[in-house]
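Dear colleague,

Please find below the structure I am handing over to you, together with its sequence. My notes on what was found in it follow directly after.

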Amino acid sequence: MNRSLRPLLATVVIFAIAYAAAVMQFPALFSTRVLGNFLTDNAFLGIAAVGMTVVIISGGIDLSVGAVIGFTGVLVAVLVTWLGVHPLLAFAIAFVVAAAFGAAMGLVIHYLEVPAFIVTLAGMFLARGGASVITQDSVPIDHPFYKMITSLYFRLPGGGRLTFLGLTMIAVFIIGAILVHRTRFGSYVYALGGNTTSASLMGVPVARTTILIYMLSSVLACLAGIVFSLYTSAGYPLAAVGVELDAIGAVVIGGTLLTGGYGFVFGTFVGVMLLGLVQTYIIFDGTLSSWWTKIVIGFLLFLFIVLQRLVFAASAQGDKAPGRA
Amino acid sequence: MNRMALRNVVNTQTVALVGVLLLNWVLFPGFFRIEWQDGRLFGSLIDVLNRGAPVAILAIGMTPVIATKGVDLSVGAVMAMAGAVAASLVVAGYPAWIAVSGALALGLACGIWNGILVALLDIQPIIATLVLMVAGRGIAQLVTEGSIVTFSDPTLVFIGTGSFLGFPMPVVIAFALMVLVTLAVRKTAIGLFIEAVGVNRSAATLAGIRSRLLLIVVYSISGLCAATAGIIVAGDIRGADANNAGLWLELDAILAAVIGGASLLGGRFSIPMSVVGALIIQAMNTGILVSGFPPEFNLVVKAGMITLILMIQSPLAGHILGWFGRGKRGAA
Amino acid sequence: MRASGAAMSIGKLGRSAVGESAFRMEARGVSKVFGAHRALDHVDFGLLPGEVHALLGENGAGKSTLIKILTGAYQPDGGEILVDGAPVVLNSPLHAQTFGIGTVYQEVNLLPNRSVAENLFLGHQPTRFGLVDRRRMERESRGLLARYGLDIDPGSELGLHSVAVQQIVAIARAVQLSGKVLILDEPTASLDRDEVRRLFEVIANLKREGLAIVFITHFLDQVFALADRVTILRNGKLVDTCRLDALTRTELVRKMLGKDISFSGSTSLKTERPTTEVLLNFENFGRRRSVRPFNLTVHKGEVIGVAGLLGSGRTEMARIMFGIDPADEGRATMKGAPVGLRSATEAIALGFGFCPEDRKADGILGELSVRENIVIALQGKLGWFRALNRDEQLDLAGQFGEAMDIRAASLDMPVKLLSGGNQQKVILARWLATDPAFLILDEPTRGIDVGAHAEIVRTINRLRDDGMALLVISSEIDEVVAYSSRVVVMRDREMVAELRGEDINPGVIVQAIATHGETAHHEAAT
């Protein structure tokens, strides 16, 4: 079996077991209502995690994701509520700003040869600081368009709702999967994560690909910010603090190698759902508190980092000792 | 020659610090006024030192880590955990010295854990320390059971808010740690070995340095420093706030070390210069506050600073400077 | 000149081959200078279609520089490159590809994390509606691989295949994208015998199809088995280009090592010292997949020379002795007592020292000062807490720096600013400061200037006279002869000869290196 599938398989098995165990304890968890809420509640995280998946497969990391979500929320809220701009135009402006922001980070990472984590860290400061400079408070968004969007949903059998936000996330996952697994750009992303020297010798446009990767991550974080603002009907500069860590957690738990080169968009989906399950379980339980989420994420992160190390180290050794049979 | 180089470095960072302080003075004429009240010093300058102490302490631990070509992202979370442990222990009725020892032991354990992941399992430092960065805050909340644990233990409160010889305790502790760690690395061979491992781990190992053990020790020091900072912050607010204690401070500590001249690619380091770096960050912080900007504006300034320093340190800048240098030599 | 003569001798090219245009690719008088070091000095190189042309030379001979110029990774400082008779400028390996020049490196420069098919087609994947047409890509890959006799799943991960298969995939990609010239840079370095045979079939087929192939290797057997012509470089200069059928193995080794002298009379000048005090004894000492078990006794006050071509196991032998790659077989004793040698730290504690072959990667601490580079090993031996203070460091560095005649403007300048020869002296000084009983030097005189060279040879002699035991690995046969009281010869990761007394002369050594012995096998694994 393809060894890079092993961590993904582990994730799916863990999710299945965890979900089954949770349902045994709380049968109410097994309903379309809960599943629908899963999607809606985690829509912004899922969308941001798709961007993070691409970044991590390419061997990088993007710590600015949460800050971009916060910034986008504030920008959209200010444009809509204070300046009376139509939300769609506000979204377009936000996308342009985010794309430029991501491109700038990609430029610095490639041309200044600075580690991605420190560049995106500066990006995080910039976005958070920028949002806070615009406003310190939560700016409510009260616009008919917002009301319309948030009231859109399909009714699922069993009383669940598949909301517009949940659908958006699913669409992003599908488009992201096609982009990563079925296009030349996707193959370049894997090439960068595998070996940059080889990639450039094989004709991969390294600079362009790097810039596009960080643009994509910021644009998706921007979309996540829009979704978050639809979800909360407000923009708040300190919204989504630490979401980058949740996104990284979901990506790694989903079987993507943190050092790059291997990974699946679908795995990230399972990772996000697993995190959602932990949160939902905690809410259902009532006695456990939300901090357990972080401990569980941290534990899973550790488990998968070590698991991947073992899987890939073992295979690498197998490479070096051929024909012993 | 080395002494001259050292003097140059001192100049860059201290000039920057003096510059920022002067700017503060322009914005706020009373900036340099220091008063003596109730047996301790008061004033904006003292305030900068006091508020800068936690980051300075983190930077003292972070600097050797960065010098080995590593990074410790978990220090903020370790701060939160240490504060939570200390607070919970005194609230549970244990004496302060047990609370402090418990918090320090936890910091040491976290450091050893990170060190083992990096040195023995050969996991990239960013990734290895990310685990505790994510889980640590959760563990801190587990300890405090999700609430802010407040206490009034006089010793812990004294560590956070007391004074010694007129100086606030955090400043005294930071200064003592700076001297202690500097002596510990410079009066032994540890400092040289850290730089050797950071510059070329393979060559250092071939020259007989036990690089794995060294890495574990370095991450342990970072954990201990983070725990110390955590105790101070908890003592300062008379409580452990698992959510906010040390939040984003890992980034400030990295920035302080980098301002202090440490390269993220490993190699030379100076702990006193990193402390100066921490003070520069705090002085800017104060300056932004006194000039009426929202405190978050600070983040924007920090982002600008990181970018500037990265540009100066980057290989590209080296190439460009090299070009200029060559051009000059050619002309001469 | 030489080249056109050789061209004529390739029979099947016939009359049209006479003249320059016969070359598919040609380098005329190319030079390359790095700082003060002349890596290539007016080298001519001509490559014919339908030939396998071996490029030989020891490390530092200029092989890799020439290859990098041919593939566009370096620009020559002098001379020109011609493809099909027309001068070209190759900006990058990618650019060279557009002229039909493809390269396969020793460390396969593909993506082990991706599928075989994607590695064949990356950047040129067939698409349908903008999406990669994976089915077509894998179908075409299957056809392509079949031509190379590979029956593997094109969808499988490349990294899971053996290095040999990866090499063939790399060749397939290069040929498919380039198609005129194929440069193989040590493709066989990590292959076993069957894999080499398989690779050779592929290369022979490509040759028949008219491809011009440059083949770089350290294994002389392979040169004779595969190549039509050979070009030998030494110290950046062209030694010779000639047909292989006109050459014996001994002649070839002689050309590589620069031994054009008569082989009879030049025995070692010095008389063998009566060294009876045994310092070290290695019994059946070896490591799987590294060096076959060997026996060696080291006496005080003697220099043991290690001769052998690159890749013969000479460096591996040193690494085992020094505990970097600990032995998994046999035992070692020092003055009769068994010793472990599980790590460098352990070896150093016993009084070992090791100057590695790759100065930059394993030797110098570039950013640190000359002083720190000299004291580091002694400080490592003293441990963490018995620190040498600055004055002691300066004393030591001054003393050993002077003993080695290190030319540095200051002991506090970064060592990376020194010349190669001075850096080598710094590393020697580093070990001398630890007062070692046994010093291993791996190619101590490679790539350094004449003055430093002489200084290092003098030092080796002086240390031996002072009673130290040394093991010196070198491809400079004259040198080995001059200072060794015994010479061990490595070939195919095995110690094949131990020469003493009268036998220590260049003729016997070259013969021992070159001999196509019956004992030479590639299965070091078993």
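Two residues are taken to be in contact if their C-beta atoms, placed from the backbone, lie within 7 Å. Please bear in mind throughout that this is a predicted model.

By that criterion, 35 residues of chain A are in contact with 33 residues of chain B. On the chain A side, three helices each supply at least two residues: α6 (116–134), α12 (243–253) and α14 (291–320). Of the elements of chain A, α14(A) gives the most to this side, with 12 residues. By class, the side of chain A that touches chain B has 22 nonpolar, nine polar and four charged residues.

Annotation of chain A

An unreviewed UniProt entry places the feature "transmembrane region" at eight stretches of chain A: residues 38–57, 64–83, 89–109, 116–135, 162–180, 211–231, 238–258 and 291–312. Two of these stretches may be compared with the model. Over residues 116–135 of chain A, the chain is 95% helix and 0% strand, with the end C-alpha atoms 28 Å apart. Residues 211–231 of chain A are 100% helix and 0% strand, and there the end C-alpha atoms are 30 Å apart.

Chain B

The secondary structure of chain B comprises 14 helices and six strands. The C-alpha trace of chain B spans about 75 × 55 × 35 Å along its principal axes. A compact globule of 332 residues would have a radius of gyration near 20 Å, and chain B agrees with this because its own value is 20 Å. Of the 332 residues of chain B, 57% count as buried. Among contacts in chain B between residues at least 6 apart in sequence, 77% join residues at least 24 apart.

As to confidence, chain B has a mean pLDDT of 85, and 92% of its residues reach 70 or more. Both of the following stretches call for caution. Over residues 1–5 of chain B the pLDDT stays under 50, and the model has five contacts for them beyond four places in sequence. Residues 326–332 of chain B also have a pLDDT below 50, and this stretch has zero contacts in the model beyond near neighbours in sequence.

Chain C

Chain C is divided into domain 1 (51–73 + 91–257), domain 2 (277–351 + 436–518) and domain 3 (365–435). The centres of domain 1 and domain 3 of chain C, taken over C-alpha atoms, are separated by 43 Å.

With kind regards

Conventions
Residues are numbered from 1 along each chain as its sequence is written. Chains are lettered from A and ligands numbered from 1 in the order in which they are written. This is a predicted model: local features need pLDDT of at least 70, side-chain atom pairs count only at pLDDT 80 or more; totals for chains, interfaces and linings use all residues. Helices (H or I, at least four residues) and strands (E, at least two) are DSSP runs, numbered from the N terminus. Ala, Val, Leu, Ile, Met, Phe, Trp, Tyr, Cys and Pro count as nonpolar, Asp, Glu, Lys and Arg as charged, and the others, Gly among them, as polar. UniProt positions are given in the numbering used here, feature names are shortened, and annotations may be inferred rather than shown by experiment. pLDDT is the predictor's confidence in each residue, from 0 to 100. Domain bounds come from an automatic or database domain assignment. The radius of gyration is taken over C-alpha atoms; the globule rule is 2.2 Å times the number of residues to the power 0.38. A residue is buried if 20 or more other C-beta atoms lie within 10 Å of its own, exposed if 12 or fewer, and partly exposed in between; C-beta atoms are placed from the backbone.
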